[in-house]
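Visitor: I am new to this structure and would like to go through it step by step. Could you show it to me first?

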Amino acid sequence: MTAVKLPLPAHIHRLSTQVANQIAAGEVVERPASVLKELLENALDAGATRIDIDIEQGGLKLIRVRDNGCGIYREEMPLALSRHATSKIKDARDLEGVASLGFRGEALPSISSVARLTLISRTADADSGWQLQGDGSDAFGDPMPAPHLTGTTVEVRDLFYNTPARRKFLRAEKTEFAHLEEVVKRIALSRFDVTISLKHNNKTVKLFRTAEDAAAEQKRIAEVCGAAFVEQSIRLDFAAAGVRLWGWIAQPAFSRSQADLQYFFVNGRVVRDKLVTHAIRQAYQDVLFAGRHPAYVLYLQIDPVQVDVNVHPTKHEVRFREGRYVHDFLFRAIHKALADLRPGAKPEVVYETAAPDSASAPAAPSVSATSWFNRSSQRVMPLQVQEQLAVYASMHPSQQTLVAEPSADAATSEDMPPLGFALAQLHGVYVLAQNARGLVIVDMHAAHERITYERMKAAFHGDGLKSQPLLVPVTITVSEREADLVDEQRDFFTTLGFEISRLGPEAVVVRQVPALLKNANIEQLVRDVLSDVVVHGHSQRVSHEINELLATMACHGSVRANRQLSLQEMNALLRDMERTERSGQCNHGRPTWTQLSMGELDKLFLRGQ
């Protein structure tokens, strides 16, 4: 038998500072936009109120950031270019409540290891500015005098000049500048109190002036997100137990095909967090058209101790210490704001509440793309809408007093309701109404579908989930972790209407399910619920499935097209819309009504032109 010859052990040696910084740069510096992000965050941490940015050739030739912040002391400039040197934190305890944007002490040395970096800075008590160049090593000369106002200028030239393998992966100049511009937009949205100018190849591209009032804030948002977003958004301000969420959310009709208008800031830091995205998506589920994405600019203010920002070198990800609470808080705030989107509702929503109770949080309706329910097999419900007011009134008892409602001739009256009064019905599909602003057009089926759906939800959730035992229990093979969850979360599954118990190390048995879901794919539903609990700590999958079933029932039970309604019946429908939450959209996300002002109508006929 031949003996196996082992290789000789390799000698262990310490990497040079420059090589170590280049390795760190692989995490921090991905492209020119990464460099700009780090430099802008440093400027904001320095208390800057004005930042000037100069870019050449998409950031490959030059990235220069000049600020009017507090500056850097002359004797500490070499330290600023050294790895793991920072003024933001001092010891490990400071990591538990980081309030600054930067804190790792890796940005400047990492950048200087892959580019030619020049640092110029002056403090308020200094007679002049000082300049220092860095190459990623710890060998620095003495800072040289340089003319400069109070603040700091960081000049980065020839990015990746010494790492050609990284440089060849960069895109065209136009593409790289688009990424740089997006970074500037995010910073501009995070700090309304800072003036930011952006030049590319000596041409001014963006100039965000300081926003000192609400109108100026909206102007800046319009510059970043477009005027249409501002016109179609509502402002919310929701606070509870030391946590505050404020900002702008777009109305469901302003949905996007891509998630390109979603800006979320935690204590001024832009983040892309799965928990946040999931909570907002759930809040929009019941009013958003399938396959569309919501648009928003939102700011979460929370005690820094409750947020761990030391998760990823780019600091784009955070971890909330009370993730379940934050998820429920975000969902409740946005869900309530969207619920108030009905005719006559105020565009700005401000709430002050107690801490959200996850057990009593409203269910987040959803239209699941992989739903078990087959709509094509659903038969029309035997709810026939007649032409007589008495029948409509029987479906809506509160509307019986509307028989003597004023006519549309009262359009100038101060007590004119938001949707006004009905004039006529068009082709049995649309209701035409006159209000103080002009003409209102209502899709009567979509509107009544939402009204019916909301009432069915209220009735169902008011009575609670009713369970039904299975004739033959269902045994499901799961992972050991999921089986442990069944033991740990037994009460949670009971509230969902399930009776589930552990059958073995990797098996559970389902003996009871929610009555409305008795015909569902029980195994798939339970697996989905367990998956949600593993990822998010809770699940609203059952509520989603039940709400989808109720939505389908409401669709088939609502007034159909080509049904002739009297004026009184149409007015009853309008009054219902004004009282019903989320009545601006049907269950599938389509708008239920639109407004044409007198000015818009005049333009159609060239009146006054």
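Visitor: Which residue in strand 18 stands opposite Gln425?

Guide: Val431 is the residue that stands opposite Gln425. Please note that this is a predicted model, in which local features need pLDDT of at least 70 and side-chain atom pairs count only at pLDDT 80 or more, while totals for chains, interfaces and linings use all residues. Residues are numbered from 1 along each chain as its sequence is written, and side-chain values use heavy atoms, with hydrogens and water left out.

Visitor: How many bridges join strand 17 to strand 18?

Guide: Five bridges join strand 17 to strand 18 (residues 430–434), and the two run antiparallel. Strands are DSSP runs of E with at least two residues, helices are runs of H or I with at least four, and both are numbered from the N terminus. Two strands pair if DSSP finds at least two bridges between them.

Visitor: What is the strand order in that sheet?

Guide: The order is 17-18-19-23, in an open sheet of four strands with antiparallel pairing. Strand 17 (421–426) and strand 23 (593–597) stand at the edges with a single partner strand each, so one side of each has no neighbour in the sheet. From one strand to the next, the twist averages 25 degrees.

Visitor: Which helix packs on the sheet?

Guide: Helix 17 (residues 567–579) does, touching strand 17, strand 18, strand 19 (438–443) and strand 23. The direction of helix 17 makes about 115 degrees with that of strand 17. Contact means heavy atoms within 4.5 Å; axes are lines fitted to C-alpha atoms, for helices over the stretch in contact, and angles run from 0 to 180 degrees between N-to-C directions.

Visitor: Let us change topic. How many helices and strands are there in the protein chain?

Guide: The protein chain has 18 helices and 23 strands. Of its 609 residues, 50% count as buried, where buried means under 20% relative accessible area, exposed over 50% and partly exposed in between (1.4 Å probe, protein chains only).

Visitor: How many residues lie between strand 21 and strand 22 in their hairpin?

Guide: There are two residues between strand 21 and strand 22. Strand 21 (residues 499–504) and strand 22 (residues 507–514) pair in the antiparallel sense over five bridges, with Ile500 opposite Val510.

Visitor: Now the aromatics, please. How many pairs does a search of the whole structure find?

Guide: The search finds eight aromatic pairs. Rings of Phe, Tyr and Trp (its six-membered ring) pair if their centres lie within 6.5 Å; planes under 30 degrees apart count as stacked, over 60 as edge-to-face and the rest as tilted. Phe192 and Trp248 have ring centres 6.4 Å apart and planes at 65 degrees, so the pair is edge-to-face. Phe192 sits in the loop between helix 6 (173–190) and strand 7 (195–200), and Trp248 in strand 10 (residues 243–250), 56 residues apart.

Visitor: Is Trp248 buried or exposed?

Guide: Trp248 is buried, with a relative accessible area of 4%. Phe192 also counts as buried, at 8% relative accessibility. Trp246 and Tyr299 form a stacked pair, 4.4 Å centre to centre with 15 degrees between the planes.

Visitor: Which residues do ring pairs link into a cluster?

Guide: The cluster consists of Phe192, Trp246, Trp248, Phe265 and Tyr299.

Visitor: And how many residues of strand 10 are buried?

Guide: Seven of the eight residues of strand 10 are buried. Strand 10 pairs in the antiparallel sense with strand 9 (residues 233–240) over eight bridges, and with strand 13 over six bridges.
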